[in-house]
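Subject: Structure for your review

Dear colleague,

I am handing over the structure below, and I would be grateful if you read the notes that follow with the coordinates open beside them.

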Amino acid sequence: MASFGARAMSLFGRAASPEEEHDTATFEAMAQSAPESLGFDSTMLSETPIVFPSMVTLNPMEPPMSVDSLALDANEAKLQEKKGLVGSTGIVYDTRMMLHRVPVGDHPERPERIAKIFDLLEQHGLVARMVRVPAREALRSEVELVHESHLWSDFERLVALPPEELAAYNEALDKSASLYLNSYSTLSARISCGSVIEISDWVITGKVRNGLAVVRPPGHHAEPQSGTGFCLFNNVAVAAQSMLERFKEGPHRVQRIMIVDWDVHHGNGTQKAFWNNKDVLYVSLHRYENGTFYPCTHYGNYDQVGGPGALGTSLNIPWPCKGMGDADYMCAFQKCIMPVAYEYAPDLVIVSAGFDAALGDQLGECCVTPAGYAHMTHQLAALANGRMVVALEGGYNLTSISNSALAVAQTLLGEAPPMLAPQVCSSAAASTVETVIRVQAPYWDCLAATLPYMPCAPPKALEIDPRAAMAVQRSSTMWERYNMVNLPAKGPHQAPFAPNQILCSRSVMSADVSVLVLYVHDNGPLHYRDPYQQNAPGDPSTFVVESTCLVADWAAERGFAYVDFNTLAMFPARNWESSNQIAAVVPQDTPQEQSVFEQLQHTWANFVSLSPAKHIVLIGQGTGCKATMRLVSDAKTQRRVTAVVQVMGYNPVPHMYKPRALKQWYYDHSLVLCPNHHPFCVLGEHLGTSYRPGCVVQSGEANAEALLWTDKARILDFIAQQLDDAADARRVE
Ligand SMILES: [Zn+2]
């Protein structure tokens, strides 16, 4: 049996032999007689040079090419060695991978994806500069290095079904596994998988320095026991495992493989295949969004670091929102991925190169440019003696994927990556990468070294919650400065409420007190001092900015009674500018919010409402805003309250879902101050006519923590006005 791959390749280099023409004619005849439901478009044949060597291969039940026939590849390699192609870039591509297509209608994972990429590479003269590596079908024994045995037979059984039955089955398959099959799906999948194996082999044995596999169907969602998410077999995982087994010993020894998956979706299948295998480092950058983005599991979160035998060898960079671009990917590469890569020192790098994070991809909604992909390729090419395989995964905008693949191919061939415009990463990316570094630091010395302190937790050591420690510190400061005392929390054992959480001035119960301020706030934000800055000797590297004493100062100056309620939550200091956070405006409370509210209710019922004060002013800050709003959602409480000031951080603006009268009151008696980059203001929602969020005002201040200070006059004027109005109303009565 001849090597189909080698013969297919020859068609690109010279005129087809009469025998090969016969093969193509046979295929055309077959395609024309194929039922409509198979989705064959015979016009495709005239536009795209379909190479189809033999009728025999069309039978999906036919066993794949024997190992003996691979000997031809070695001859091919010798030939290319003679031509001086060593040290060059390989490319593998075979139009038989276009036979897999959705039987009815359209689908984003369509055959044209690979043809378009290959055409563009040809137009730019790149194919001529690359070494054609023959495509081949994966052997069942190879696929079963990663996949359970039944998967191969299951797929073969399904594709052998009569077309009508297969079409009916496809509907269920699409719903349950986001997958479709036609009669040729397993053939295409075998070639897709076998091609990645083959080009990896060529790279390891030095026939080429690096290689590009223009293949489909993609593979990274296919798990050991099932195909899913447009993927039948996990091409990259099978190739990696094959290389580890094939090159255990000898001159081309491969001990460690690094897989970088820059497809916009998490490669759940690849991660699962190597979850407990430290010989493979799996790195993925993907949209995560609290597990709401496909594949909609928590396996792509930053805390998924690998099994007990391979901790740290699953490294996930889970983007919290769409719109991530070149600078965000560079941030992840330079701060986290590349340091880990150098510490791991792989013998081979395989890229799961989905181009669905590319600018213009409707599914991915991110903005990585071709130059961005070139820079990522360039950085990875520095590893493993340059041994690198880039294998296509997803990516559905034909223009975006071909331009991206072109830039990657040019970089593989040794061209300098195009210069990127000046840019900085988003705060969303910076936060995500920072979190990943902290979570992965116990497993990677290079990451631990970048932290201010090494993580250190000897067994049985006493763990102190820094929030509780801060509350103790505040309590003693408030005593020294304002003579404030602690109020008991609800019940003696109501964790996490410490006795230092609620404080009050001594005038709360005085008969002559006129105004009482109840201030519900977060802990101050935690700051990290720049270790490279010249600080005064003895300055700590982390510190808390305690701005809440500003409110205590106003109250003391004016002789107001004062109750200080600390939610103990950390103040969110970063602005993600993501409209996703708006979606978090839901009436349901988290358990933590519920517990804060119950505690606040207790404080209200047992202390605040018993005060003889004529006017009660509520001030909420950060996470305290939601509890404050809920407190005045009660008509009885509302009657005691004169004014509500909400100093928002970057939390969602709380809404009052209550009868119109209560909402109207909230609107008339509230001042809701948002920092100027708060999504609610950025999206212009504060200009709406709804009473629900109260009277929202956009501050000129971008920094949420400074807002209390900058807008002090506005807040005090508002409170004074409300107190005057209330006094007038009383006189009228
Ligand atoms: Zn994808």
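Helices α9 (residues 149-159) and α11 (residues 185-204) have axes that come within 9 Å and cross at roughly 140°, and α9 and α11 are therefore oblique to each other. Helices here are DSSP runs of H or I of at least four residues and strands are runs of E of at least two, both numbered from the N terminus. The axes are lines fitted to C-alpha atoms, for helices over the stretch in contact, with angles from 0 to 180 degrees between N-to-C directions; angles under 35 degrees count as roughly parallel, over 145 as roughly antiparallel, 65 to 115 as roughly perpendicular and the rest as oblique. On the α9 side the contact (heavy atoms within 4.5 Å) is made by W152, F155, E156 and V159, and on the α11 side by S185, T186 and R190.

Please keep in mind that this is a predicted model, in which local features need pLDDT of at least 70 and side-chain atom pairs count only at pLDDT 80 or more, while totals for chains, interfaces and linings use all residues. Residues are numbered from 1 along each chain as its sequence is written, and side-chain values use heavy atoms, with hydrogens and water left out.

Strand β8 (residues 388-392) is mostly covered, since five of its five residues are buried, where buried means under 20% relative accessible area, exposed over 50% and partly exposed in between, for a 1.4 Å probe and protein chains only. M388, V390 and L392 point one way from β8, whereas V389 and A391 point the other way, and all are buried. Strand β3 (residues 210-213) runs parallel to β8 and is joined to it by four bridges, with A213 opposite A391. Strand β7 (residues 348-353) also pairs with β8 in the parallel sense, over five bridges, and there S352 has A391 as its bridge partner; two strands pair if DSSP finds at least two bridges between them. Together with helix α15 (residues 370-380), β7 and β8 make a right-handed β-α-β unit, right-handed meaning that, with the strands pointing away from the viewer, the path from the first strand over the helix to the second runs clockwise.

The largest nonpolar core has 127 residues, and W262 and L380 have the most contacts inside it. Such a core is a set of buried Ala, Val, Leu, Ile, Met, Phe, Trp, Tyr and Cys residues joined through side-chain atoms within 4.5 Å. Helix α14 (residues 326-344) gives the most to this core, with eleven residues. Apart from it lies another core, of 39 residues, among them V513, F597, M629 and Y666. Leaving aside neighbours within four places in sequence, the contacts of W262 include L285, S352, F355, M376 and L380.

Some backbone details remain. Most residues other than glycine have a negative phi, and most peptide bonds are trans. A cis peptide bond joins R216 and P217, with omega about -5°, and P217 is in the loop between β3 and α12 (235-246). Another cis peptide bond, with omega about 5°, joins Y294 and P295. A345, in the loop between α14 and β7, has a positive phi of about 50° although it is not a glycine, and at 34% relative accessibility A345 counts as partly exposed. A384, in the loop between α15 and β8, has a positive phi near 55°, but A384 is buried, with a relative accessible area of 12%.

With best regards
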